[in-house]
Amino acid sequence: MKQAKARDVDWRSGKTNFYVQFGGDDVLEVARQAADLFFSENAHGVAAFPSVERLQTDVVAWLLDLVEAGPMADGCLTASGSESILFCLKAARDWSRTRRPDLAIPKVVVPRSAHPAFDKAGGLLGIEVVRTPLRADLRADVEAMRRQICARTILVAGSAPQFGHGVVDPIPEIAALAIETNLWVHVDACVGALFAPFARAAGATIPPFDFSIDGVRSISADIHKYGFGAKGASAALFRHSCWRPSYVFTFDDWPIGSYASSGLAGTRSAAPIAAAWAVMRYLGHDGYVRIARQILEAFGRLRDGLEAIEGIEVVGDPDLPVLAWRSADAPLDAIVSAMTRRGWFVRTMTTPRAVHMGMITLHQAPVVDAYLESLRESVAESRAR
Ligand SMILES: Cc1ncc(COP(=O)(O)O)c(C=O)c1O
């Protein structure tokens with residue numbers, strides 16, 4: 001296994017921003033120990049493992065508090081942002097069935113920048129997902145969304161932030177449109193829910209997106225991104241607990257009698273739940289603010305450094321530390337090859353054609369200068385070709 005792993009990207013050296021979020025060695029150790037303690041326990045069996053239920057309840061309550069939910073709110077832990085989005089869309093579909101049982105194929109309208117998880121969920125739920133163009137600043141164009149609303153539409157959504165360019169969609173405007181047209185609003189805050197509140201406390205200005213906005217009915221929030229938990233931890237959060245039957249499945253027409261499970265899986269590892277609880281307790285509000293401050297500092301240095309390289313420009317004006325850059329003159333493919341030769345794991349995106357750096361976290365902080373130096377060399381090299 002170690003031999004096989006030798007060909008993987010060494011994420012610890014900061015060579016990739018993709019796939020791994022890092023909040024420090026101490027945080028990793030806390031998550032690891034908690035996950036280890038609950039390695040064999042099954043989150044499906046809360047009657048046998050009441051401690052796991054308590055951990056879940058605590059984590060959900062803390063997340064609801066972070067997104068300004070009211071006393072009637074509720075939610076469940078899932079294994080991924082994609083699963084959280086699935087259950088939020090399912091709740092919206094169930095809601096629409098109470099009003100429009102005749103609706104064969106409900107429709108949801110999302111900006112083009114929304115995560116593919118919306119289309120995955122749409123396929124599973126029998127919902128048509130329509131993507132609308134973005135404004136010039138890469139945020140959702142609410143008028144374009146309005147034009148797609150028809151009698152079949154049940155939900156409109158925005159992201160906080162969207163993964164492509166790191167910008168937060170105009171959620172208050174999307175919510176106003178939804179109130180006017182009596183639609184469900186989902187906010188995909190898989191990236192931002194566990195960063196924005198702490199970044200704000202650290203002094204950053206981040207556009208509003210949570211339950212404090214009237215009309216927002218559900219939010220997806222990933223713990224395994226900026227929450228720094230173990231992989232396999234996300235949450236689907238709801239303004240009102242009446243949507244609980246949409247994500248808690250119950251059944252009794254089989255020989256064993258009553259069965260209940262929350263989310264998609266039956267058997268579920270308790271390890272990511274334990275890791276989430278432990279990291280949240282370990283860091284607390286102040287710990288997350290400290291990490292947010294460090295990430296914002298690294299992000300600012302990276303952004304300024306990119307903008308100082310002639311011919312390189314940051315795409316859009318990211319609200320959170322998700323970054324893409326493009327080249328004004330030198331050929332992007334040549335720069336990408338030169339960066340790859342220097343050991344960086346580089347991913348490109350299509351609109352606009354750019355390098356997508358993903359989410360910046362603490363393992364990038366020590367290598368910001370090295371990255372910028374490699375990029376300067378790579379740009380010069382590709383111009384000289
Ligand atoms: C904005 C956004 N939403 C949803 C997801 C999906 O999360 P997951 O990969 O945990 O399913 C991602 C993943 O990067 C994301 O960036």
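Student: How much space lies in the second largest pocket?

Tutor: About 400 Å³. A pocket is an open set of points on a 1 Å grid over the protein atoms alone, where a 1.4 Å probe fits, with protein on both sides within 12 Å along at least five of seven lines. The volume is the space filled by probe spheres set on the points, which are joined across faces, edges and corners. This is a predicted model: local features need pLDDT of at least 70, side-chain atom pairs pLDDT 80 or more, while totals for linings use all residues. Residues are numbered from 1 along each chain.

Student: Switching to the largest pocket. What volume?

Tutor: About 970 Å³. Its lining has 38 residues, with His115, Pro116, Phe163, Gly164 and His356 nearest the centre.

Student: How does that lining divide by class?

Tutor: 15 nonpolar, 16 polar and seven charged. Asp, Glu, Lys and Arg count as charged; Ala, Val, Leu, Ile, Met, Phe, Trp, Tyr, Cys and Pro as nonpolar; the others, Gly among them, as polar.

Student: Which domains supply the lining of the largest pocket?

Tutor: Domain 1 (2-21 + 284-373) and domain 2 (35-279) each give at least three residues. The bounds come from an automatic or database assignment.

Technical notes: Side-chain values use heavy atoms; hydrogens and water are left out. On a 1 Å grid over the protein atoms alone, a cavity is a set of points where a 1.4 Å probe fits but cannot get out, and a pocket is an open set with protein on both sides within 12 Å along at least five of seven lines; lining residues have an atom within 4 Å of a point.
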